[in-house]
Amino acid sequence: MAVLETVVIAFWAMLPAYVPNNAAVLAGGGKPIDGGRTWGDKRVLGDGKTWRGTAAGIAAGLALAGVLSLIAGDVSELVGVDVPAFSLGAAVGLAAGAMLGDILASFLKRRTGRKRGAMFPGLDQLDFVVVSLPLTALLATEWFLAVFTWQVILVVVVLTPVLHVTTNVVAYKLGLKNEPW
Ligand code: CTP
Ligand code: K
Ligand code: MG
């Protein structure tokens, strides 16, 4: 498979996992998932993980997967690369997995003494990949094996941190996010 083709498929297939984080930033606020609870002297998750942000993130990922599935045929023809439609299991795995990965990352950040918004290089950029891919493999095994070849996974691991850093810097400059990471 040509490199550019692999990049197109990797980006397309990951979109339902990329969008939830950004939607959560835009919609966030309200009741924190941990209800303010602490474990020891530290919060379990912190005020940065809210029910509203999580629900909006998952909804945005699912909606995007639906739209992409509708246009997959036309886009494939247009760009000359066979981009896949998303099965329901794949959409849920990618969208919910992304939010779950972000939440688990916050749990790890709090356990390691990092305050809300603190940076955790590596984890910040790949938390959602680490959970969304295995969850998708579990919920939509056939779809996952057909789309996520090892080449696609390699591109995802390289491309995701680059996209993550770029979108967060832009969101920060636009005043949508408190920190540029
Ligand atoms: N957000 C949310 N619910 C989520 C994820 C994010 O409401 N499940 C919103 C919050 O307003 C959060 C913002 O998006 O502050 C930025 O997300 P993120 O950088 O993941 O959270 P942080 O505030 O940096 O908190 P943490 O240190 O726990 O990552
Ligand atoms: K995060
Ligand atoms: Mg943050």
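These legends accompany several close-up views of a predicted model.

Residues are numbered from 1 along each chain as its sequence is written, and chains are lettered from A and ligands numbered from 1 in the order in which they are written. In this predicted model, local features need pLDDT of at least 70 and side-chain atom pairs count only at pLDDT 80 or more, while totals for chains, interfaces and linings use all residues.

View 1. An unreviewed UniProt entry carries the annotation "transmembrane region" for residues 53-73, 85-105, 126-146 and 152-172. UniProt positions are given in the numbering used here, feature names are shortened, and annotations may be inferred rather than shown by experiment. Residues 85-105 are 86% helix and 0% strand, with their end C-alpha atoms 29 Å apart. Residues 152-172 are 100% helix and 0% strand, and here the end C-alpha atoms lie 29 Å apart. Helices (H or I, at least four residues) and strands (E, at least two) are DSSP runs, numbered from the N terminus.

**View 2. The shell around ligand 1.** Ligand 1 is surrounded by 19 residues, of which the closest are Gly28, Gly48, Thr50, Gly53 and Ser106; a residue is near a molecule or strand if its C-beta atom, placed from the backbone, lies within 6 Å of it. At least two residues of this shell come from each of helix 1 (3-27), helix 2 (51-79) and helix 3 (88-111). Helix 3 provides the largest share, five residues. The shell comprises five nonpolar, nine polar and five charged residues. In this classification Ala, Val, Leu, Ile, Met, Phe, Trp, Tyr, Cys and Pro count as nonpolar, Asp, Glu, Lys and Arg as charged, and the others, Gly among them, as polar.

**View 3. The largest nonpolar core.** This core has 40 residues, and Ile9, Ala91 and Ala95 touch the most other members. Helix 1, helix 2, helix 3, helix 4 (123-139), helix 5 (141-147) and helix 6 (150-173) each contribute at least two of its residues. Helix 1 gives the most, eleven residues. A nonpolar core is a set of buried Ala, Val, Leu, Ile, Met, Phe, Trp, Tyr and Cys residues joined through C-beta atoms within 7 Å. Beyond its neighbours within four places in sequence, Ile9 is in contact with Val81, Val83, Val147 and Val152; contact requires C-beta atoms, placed from the backbone, within 7 Å.

View 4. Helix 3 has 24 residues and reaches 34 Å from its first C-alpha to its last, close to the 34 Å expected at 1.5 Å a residue. The expected span is 1.5 Å times one less than the number of residues. The helix is mostly covered, with 17 of its 24 residues buried. A residue is buried if 20 or more other C-beta atoms lie within 10 Å of its own, exposed if 12 or fewer, and partly exposed in between, with C-beta atoms placed from the backbone. Leu94 is found in helix 3 and is buried because 31 other C-beta atoms lie within 10 Å. Not counting residues up to four places away in sequence, Leu94 touches Pro16, Ala17, Gly61, Ala65, Ser132 and Thr136. Just after helix 3, Gly113 takes a positive phi of about 80 degrees.

View 5. Phe11 is found in helix 1 and counts as partly exposed because it has 17 C-beta neighbours inside 10 Å. The C-alpha atoms of Phe11 and Val83 are separated by 9.8 Å, although these residues are 72 apart along the chain. Val67, in helix 2, counts as partly exposed because it has 13 C-beta neighbours inside 10 Å. Val158 lies in helix 6 and counts as exposed because it has 11 such neighbours inside 10 Å. Val158 and Gly73 are 85 residues apart in sequence and 27 Å apart in space, C-alpha to C-alpha.

How values were computed:
Two residues are in contact if their C-beta atoms, placed from the backbone, lie within 7 Å.
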